[in-house]
Amino acid sequence: MIKSSLTASELWKSFNWKKASKRLFRLQRRVYKAVQRLDKRNARKLQKLILKSKGARMLAIRQVTQLNAGKRTAGIDGKAALTFEERFDLETQISLNHTNWKHQKLREIPIPKKDGTSRLLKVPTISDRAWQCLAKYALEPAHEATFHARSYGFRSGRSAHNAQKYLFDNLRSQSNGIDKRVIELDIEKCFDRINHSAIMDNLIAPAGLKLGIFRCLKAGTQVGFPDQGTPQGGVVSPLLANIALNGIENIHPSVRYADDMVIILKPSDNAESILEEISAFLSARAMKVSERKTKVTATTDGFDFLGWHFKVQSNGKFRCVPSMDNHRAFRKKVKFIVNNSNYGAKVKAEKLSPIVRGWRNYHKFCKMDGSRNSLWFINHRAFKVFNKETKQDKDSAKKLVEKAFPSVPHSENKHINVRGEKSPYDGDVTYWSERKSKLYDGITSKALKWQHHTCAFCGLKFVGDEKIHLHHVDKNHNNWKQNNLVVMHESCHDYIHMSKA
C-alpha cells in the first residue's frame, strides 16, 4: 500500500519503463509470430503472460492517464484524472481481476454530424479504459497477423496517407484511372450495428480475456439492440470493428479505413454484383449498405474520402486536394480564433500554430498550391487583425503571423506506403523506426538521423505509435544549436519535466 503522495510519485517516476516496454514488445512479437504459424494455442498462452505482466499493466495505466488524447475525459464516475496512489491501486485491481473484469456503465456524449443528426460517444471510466488498453496489448499483435494489407484505419504503423497513396497508384494516368469508376461505400451505423458474435467468433484470445471483451460490448449496447454495437470511445473499440470487418477487402480491389471504404472498378466490372457480395458479407454481421450515401462515381467526376477530394482530370492526370468540407471546417476553426476578442495577438498565434501545422501536415502529400490551399486569404486577414492589436506595429504583426501559420513542406504523392503486410510486431525495428522518422520534418527529422532513430532518454527505437518530442537540453527554447536538441518519446519527455518539476 502506498503511504504518501510523495512516495507514490517517486515510485511512479522510478519505475523501469524501459524494461517494461522491452518485455511487452518481446511478448507481442511472439504472439504475432505464433498466429502467423497458425499456432493459436501458443498465442493464447503468450497473451495470458501479457495480462499477468505488471509492466504491461503499468504501461496501460500510463497510456490512458498520461498519453492518450482523451486522458482528461471523465467516465460515468466523474473521474477525469487519477493520483499516483490511485494509479497503483488500479494496477493492483487489474492484477486481481484481469480475467474477470466487470465493466461499469458508459457516459454518453452526443456528437453532432454533418447531416444534422448526432452520434453517441460512449466513454468508459479510466479504470475500464486501462483494462481495455491492456486487452489491446494482448489482442492487437494476434490480429495484426490476420489483417488485410489494404486495411489502414486505426492500425499501428498505418495511417490515412497509406489509403491516399493506394488510390493515387491505382487511379493515376499509368493505371488508366480516367477509364475507372469507384464505389463510395457507406455502412449504415457501422459501430452501432456490428453483431457481437461476428467479433467474438473471430477473437483470438484466452477465455478470461474473451469474457472481459464480451462484457465490454454489452456495456455499450443500445436499447432494442442487445446483441449489436461496439461503443465508440473505448480504447479497444476500433480494433474490434476491424476484427469484424476484416476480409471485406477480398471481395474486390479496394481500400478501407475503419468503416470508410472506396472500391475501384475497371470498365468491365459489374458494380451491382460487387455490391451484392458486400451486402451479403455485411448482412452476416448484422450490418447493411446505406443506399442513400453509397454511390458509383466516375473518377473524372471526383469523390471525397478521408478529408481529401480525388479527381482524374480530362488530360488523365490524377489530383488530390483537401476536400471542401475539410477546408471549410478548418477555416471555421481559424476564423473563430482570429476574430475572438478575448485573446490578444500573441495568444491567438500560440493557439493557431498547432492547428495550422496539423492541417498542413495532414495534407502535405496533396497538391497545395493556389491561394485557397496556401491559406493566403486567411493569412492576410490574420495580419490585418494582428496589426491592429499590436498598435500598427507591422514587424511584430508579421512575426506573429509567421508563428501562427508555420510552413510545412509539401510534396504531392511522395508518401511511401507500408511494404506488403508488414507489421510493427514483426520485429523489424530498423524498418519501422526509420519509417516513423520520415513522418517528421525540419529539425526533428534531422535530430532523428543524428540519433539513429533512437530515443535519447530510454535508448529504444521509435517503433510504436507514441509521438516523438523535440527536447531542448538547456531548457532554452531559443537555443536551436545541434548539441542542444535531442528527440525522445513523449512519455520520456514528460518524465524529464516531471522529474525537474
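Predicted model: local features only at pLDDT ≥ 70, side-chain atom pairs only at ≥ 80, totals over all residues.

Residues are numbered from 1 along each chain as its sequence is written, and side-chain values use heavy atoms, with hydrogens and water left out.

Helices here are DSSP runs of H or I with at least four residues, strands are runs of E with at least two, and both are numbered from the N terminus. Take α16, residues 376-389, and α17, residues 394-404: they pack at an angle of about 135 degrees, with axes 9 Å apart. That makes α16 oblique to α17. On the cut-offs, under 35 degrees is roughly parallel, over 145 roughly antiparallel, 65 to 115 roughly perpendicular, and the rest oblique. The axes are lines fitted to C-alpha atoms over the stretch in contact, and angles run from 0 to 180 degrees between N-to-C directions.

Who touches whom? On the α16 side we have Asn379, Ala382, Phe383, Phe386 and Asn387, and they meet Lys394, Ala397, Lys398, Leu400, Val401 and Ala404 in α17. Contact means heavy atoms within 4.5 Å. By class, the contact of α16 with α17 has seven nonpolar, two polar and two charged residues. For the classes, Ala, Val, Leu, Ile, Met, Phe, Trp, Tyr, Cys and Pro count as nonpolar, Asp, Glu, Lys and Arg as charged, and the others, Gly among them, as polar.

Now the rings. The structure holds 14 aromatic pairs. A pair is two rings of Phe, Tyr or Trp (the six-membered ring for Trp) with centres within 6.5 Å; planes under 30 degrees apart are stacked, over 60 edge-to-face, and the rest tilted. Trp12 and Trp17 have ring centres 5.0 Å apart and planes at 65 degrees, so that pair is edge-to-face. Trp12 and Trp17 are both buried, where buried is under 20% relative accessible area, exposed is over 50%, and partly exposed is in between, with a 1.4 Å probe and protein chains only.

Trp376 and Phe377 also pair edge-to-face, at 5.2 Å centre to centre and 90 degrees between the planes. Trp376 is partly exposed at 47%, and Phe377 counts as exposed at 56%.

There's a cluster too: Phe168, Phe303, Trp308, Phe310, Phe318 and Tyr362 form one aromatic cluster. So which residues does Gln164 contact, leaving aside its neighbours within four places in sequence? Trp308, Phe310, Cys320, Phe365 and Cys366. Gln164 sits in α7, residues 160-171, and is buried at 6% relative accessible area.

Arg172 comes in the loop between α7 and β3 and is partly exposed at 28%. With the sequence neighbours within four places set aside, Arg172 contacts Gly177, Gly316 and Phe318.

Last bit, backbone. Most residues other than glycine have a negative phi. Leu38 is not a glycine, yet has a positive phi of about 65 degrees. Leu38 is in the loop between α2 and α3 and is exposed, at 70%. Asn176 has a positive phi as well, near 55 degrees. Asn176 lies in the loop between α7 and β3 and is partly exposed at 47%.

That's my tour, thanks.
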